[in-house]
Amino acid sequence: MSSAGGFWPGEPPADEGDESRESPAGFSEPPTWPAPRPEVEATDVARAAAPEPEPMFEEPEPPAEEPEPQPMFDEPEEESEPEEEPEPEPEPEPEPEPEDESDDFVARAFAAAENLLAQSPSATSAPHVEGELDLPDGVAVLEGSPSGAGRTVGVVVSRFNGEITNALLQSALGALAAAGVPQERITVMPVPGAFELPIGAMALAKTRRYSCVVALGCIVRGETPHFDFVATEASSGLQLAGLETGVPVAFGVLTVETVEQARARTSKGADAARAALEMADLFAQVRAQAKATG
């Protein structure tokens, strides 16, 4: 087969420069020949052009917010109450000056003591201690006498339970008058209660102007331990006042269960006054003896 001929036998040779020659009619290229590959595959183009698949179920739209129901009738607006003007505060009335009850209290006690002494002198002159001591012969004895000659006496008295303490004061003043203590040489100091008796007695004793001090008060037991505290402090405080100052302090404080018991013992004021005078005389004897032997 000549190389100058065509591809098939008997076919004239093709013109090499004629690229536009068409294949004979009815001729097709063998299927094994490779076809030219386009830049983009058809399937890719179809896939890109195809629309996205729609979802099988539509998502429900969120419910629209319902408008708040409007009231059928407009509510009336609350009328604001007018603010009340503050009332002007009344000007405080000046407090009346307290009357000096101490002088009246003492004056009544002195008057009652004078009446008691005039009616029954023996009531204030009875011995304050029952019984006598049997002393052996040949021993030195220092014994005081409840004499008021030359004595100056201080009396501190509680205002609490005034019915009882007023009677105690009358009894004590009557005994002092019966013992010969002039009224102008007696000083009475009222204090609020029995708890204040020790400090009042201490104040009088520290002045060194009094031969002795008489303390008068009344403590009635109640439902609480208050009685025990006040009674204990009153007794120990009055003893301390005498020990620290060297001035006799007589204990004329009633410690009772009931008011009736206190009323039956108001004569203890006279006992305390006589005890104070006796101790004052005894202290005077001790000082005189120490001075004479020293």
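This note goes through the fold, the sheet, the helices and a few single residues of a predicted model.

1. Overall make-up. The protein, seen here as a predicted model, contains 8 helices and 4 strands, and along the sequence these elements follow the pattern α-α-α-β-α-β-α-β-α-β-α-α. Of the 294 residues in the protein, 28% are buried. The exposed surface comes to about 22,400 Å², and carbon and sulfur atoms supply 53% of that area. Among contacts between residues at least 6 apart in sequence, 81% join residues that are at least 24 apart.

2. The sheet. The 4 strands form an open sheet in the order β2-β1-β3-β4, and their pairing is parallel. Strands β2 (186-191) and β4 stand at the edges with a single partner strand each, so one side of each has no neighbour in the sheet. From one strand to the next, the twist averages 15 degrees.

3. The pairing of β1 with β3. Strand β1, which covers residues 153-158, pairs with β3 in the parallel sense over 5 bridges. For a reader who wishes to find this pairing in the structure, one of the residues to look for is Val153, whose bridge partner in β3 is Cys212.

4. Helices lying across the sheet. Helix α4 (residues 162-178) lies across β1, β2, β3 and β4, and runs at about 155 degrees to β3. Helix α5 also lies across β1, β2, β3 and β4, running at about 165 degrees to β1.

5. Thr165 in α4. Thr165 is a residue of helix α4, and it counts as buried because its relative accessible area is 0%, where the cut-off for a buried residue is under 20%. Leaving aside residues up to four places away in sequence, Thr165 touches Val157, Ser158, Arg159, Phe160, Gly217 and Cys218.

6. Length and burial of α6. Which residues of α6 are buried? They are Phe227, Val230, Ala231, Ala234, Gly237, Leu238, Ala241, Gly242 and Thr245. Seen down the axis of α6, these buried residues fall within an arc of 145 degrees, so they line one face of the helix. In general, an α-helix has 3.6 residues a turn, so residues three or four places apart point the same way.

7. The surroundings of α6. The cover over the buried residues of α6 includes α5 (197-206), β3 (212-220) and β4 (249-256). On the other side of α6, Phe229, Gln239, Leu243 and Glu244 are exposed. The helix is followed by Gly246, which has a positive phi, near 75 degrees.

8. Helix α8. With 26 residues (268-293), helix α8 reaches 37 Å from its first C-alpha to its last, which is close to the 38 Å expected at 1.5 Å a residue. The buried residues of α8 include Gly269, Ala270, Asp271, Arg274, Leu277, Asp281 and Leu282.

9. Asn161, in the loop between β1 and α4, has a positive phi near 55 degrees, and at 27% relative accessibility Asn161 counts as partly exposed. Arg208, in the loop between α5 and β3, has a positive phi of about 60 degrees although it is not a glycine. Arg208 counts as exposed, because its relative accessibility is 56% and the cut-off for that class is over 50%.

10. Glu196 and Ser158. Glu196 lies in the loop between β2 and α5, where it is partly exposed, with a relative accessible area of 29%. How many residues apart in sequence are Glu196 and Ser158? They are 38 residues apart in sequence, while in space their C-alpha atoms are 7.8 Å apart. Ser158 is also among the residues that Thr165 touches.

How values were computed. Residues are numbered from 1 along each chain as its sequence is written. This is a predicted model: local features need pLDDT of at least 70, side-chain atom pairs count only at pLDDT 80 or more; totals for chains, interfaces and linings use all residues. Side-chain values use heavy atoms; hydrogens and water are left out. Helices (H or I, at least four residues) and strands (E, at least two) are DSSP runs, numbered from the N terminus. The expected span of a helix is 1.5 Å times one less than its number of residues. Buried means under 20% relative accessible area, exposed over 50%, partly exposed in between (1.4 Å probe, protein chains only). The arc is that of the directions from the helix axis to the C-beta atoms. Contact means heavy atoms within 4.5 Å. Accessible areas come from the Shrake-Rupley method with a 1.4 Å probe; for residues, only the protein chains shown count as cover. Two strands pair if DSSP finds at least two bridges between them. Axes are lines fitted to C-alpha atoms, for helices over the stretch in contact, and angles run from 0 to 180 degrees between N-to-C directions.
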